[in-house]
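These are my notebook entries on one chain. I set down each item in the order in which I looked it up.

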Amino acid sequence: DDETGHMNGDASDEDMEDEDDEYGDEEYSDDEDDASWKIRRAAVKTVAAVARSSPAALESDFDSTVERLLTRLRREREESVKLDLFAALEDILRTCSRAGVGSGLDDAVRTAVPAVAKASISRLVDKRAGAKVKTAALELAREIAARVPASLESSLGFVVPALAKVLAGGVPQGGSALRVEALALSRLIFESHDAASTAPYVDALAPQIFAAADDKYYKVAAEALRACRALVPVVASAVPAHAAALSNAALSRVGATDQDQEVKDAAIACAGSTAAMLGDAMGADLPRCLKLLLDRLKNEITRLAAVKAIGAVATSELNPPMGESAAAATVELAGFLRKTNRPLR
């Protein structure tokens with residue numbers, strides 16, 4: 001399979017773009033009234049419907065179906081058809097995920113992941129692709145990471161540089177929506193792959209993620225803080241040099257009150273995980289972190305998130321010194337037992 005064969009080794013943006021040029025323009029008409037894209041779009045929608053409704057039919061012709069969709073994705077110029085192709089591939093991923101680990105569909109999709117990932121990232125770095133196509137490309141890659149855990153390991157060599165480029169603002173047609181998707185995929189990569197697999201790529205992504213945590217747009221900041229939290233185990237076990245910057249990224253948002261609730265909750269969760277797993281490397285930042293979490297514990301809006309964060313620190317295997325914060329937190333927590341709020345209790 002040529003597509004799978006291309007997956008070996010890292011691929012640059014230029015390599016991915018050059019790959020598209022080999023197909024030429026012979027199958028496209030200059031006729032403005034050409035409506036063949038409508039037929040292609042209807043065909044893709046039909047394939048997606050079959051994938052959703054008949055796992056058995058999908059499994060019986062999986063390789064051919066995926067190969068044809070990827071070939072069309074490389075050649076297609078009509079944006080609406082491209083978007084439907086991405087949607088069809090996502091439907092296939094969801095169907096395979098529902099089939100369960102060890103099933104025929106699960107085995108088939110894991111074999112196909114490198115080719116699908118490369119097709120997705122190729123569209124992301126394509127200078128000719130519009131914002132919607134780039135966002136759809138990242139959504140597909142994110143679906144891979146979420147639905148087929150640990151399957152992107154062999155593809156990280158070209159996925160990570162593309163993500164770093166998006167986060168650095170180096171991708172044309174990139175915007176806040178694209179950055180949010182890139183951060184979400186970064187988070188899933190660190191969550192679904194072991195530290196040994198992802199540690200070599202932390203240097204490329206971590207600085208961009210830390211910077212995004214301070215972004216003015218709340219969706220970018222919140223997703224960046226979730227990615228920071230996913231980074232904590234990797235930093236703790238394999239790349240401790242990033243511990244200080246990670247701690248600063250988390251704590252810079254915990255103390256702020258004039259921010260969206262989504263950002264507050266993400267910052268508190270990140271700070272709790274950081275103190276629980278990196279407390280021994282935080283130095284003076286640990287007491288500061290605990291004080292900030294205690295302040296959030298006293299606030300009605302943030303106290304539930306703070307309870308979970310302080311609980312993570314208290315039960316940490318590192319047994320970080322909590323000092324006076326432990327006694328103060330115990331008093332607050334005892335009071336919560338009298339509340340009618342069941343999740344809080």
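I began with Ala-150 and found it partly exposed, because its relative accessible area is 39%. The classes I used are buried for under 20% relative accessible area, exposed for over 50%, and partly exposed in between, with a 1.4 Å probe and protein chains only. The model is a predicted one: local features need pLDDT of at least 70, side-chain atom pairs count only at pLDDT 80 or more, and totals for chains, interfaces and linings use all residues. Residues are numbered from 1 along each chain as its sequence is written, and side-chain values use heavy atoms, with hydrogens and water left out.

Entry on backbone angles. I noted that most residues other than glycine have a negative phi. Ala-150 has a positive phi, near 65 degrees, and sits in the loop between H8 and helix H9 (156–167). I use helix for a DSSP run of H or I of at least four residues and strand for a run of E of at least two, numbered from the N terminus. Asn-319, also not a glycine, has a positive phi of about 50 degrees. I located Asn-319 in the loop between helix H17 (303–314) and H18. With a relative accessible area of 59%, Asn-319 is exposed.

Entry on H8 and H10. I recorded two numbers here, since packed helices are described by the angle between their axes and the distance between the axes. Helix H8 (residues 131–147) packs on helix H10 (residues 176–192) at about 15 degrees, and the axes are 9 Å apart. The axes are lines fitted to C-alpha atoms, for helices over the stretch in contact, and the angles run from 0 to 180 degrees between N-to-C directions. H8 and H10 are therefore roughly parallel, the term for angles under 35 degrees. The crossing of H8 over H10 is left-handed, that is, the near helix is turned anticlockwise from the far one by less than a right angle. Among the residues that make the contact are Leu-138 and Arg-142 of H8 and Leu-185 and Leu-188 of H10; contact means heavy atoms within 4.5 Å. I sorted the residues of this contact into nine nonpolar, two polar and four charged. Nonpolar covers Ala, Val, Leu, Ile, Met, Phe, Trp, Tyr, Cys and Pro, charged covers Asp, Glu, Lys and Arg, and polar covers the others, Gly among them.

Entry on H16 and H18. For helix H16 (residues 285–297) and H18 I found an angle of about 15 degrees and axes 10 Å apart. H16 and H18 are therefore roughly parallel to each other, and H16 passes H18 in a left-handed crossing. H16 contributes Leu-290, Lys-291, Leu-294 and Leu-297, while H18 contributes Ser-325, Ala-328, Ala-329, Glu-332, Leu-333 and Phe-336. The residues of this contact divide into seven nonpolar, one polar and two charged.

Entry on Ser-325. Ser-325 belongs to helix H18 (residues 324–336). I list Ser-325 as buried because its relative accessibility is 17%. Apart from neighbours within four places in sequence, Ser-325 is in contact with Leu-290 and Lys-291.

Entry on the whole chain. I counted 18 helices and zero strands. The C-alpha trace spans about 75 × 40 × 35 Å along its principal axes. Of the 345 residues, 50% are buried. Of the contacts with a separation of 6 or more, 73% join residues 24 or more positions apart.

Definitions and conventions
Parallel < 35°, antiparallel > 145°, perpendicular 65-115°, else oblique.
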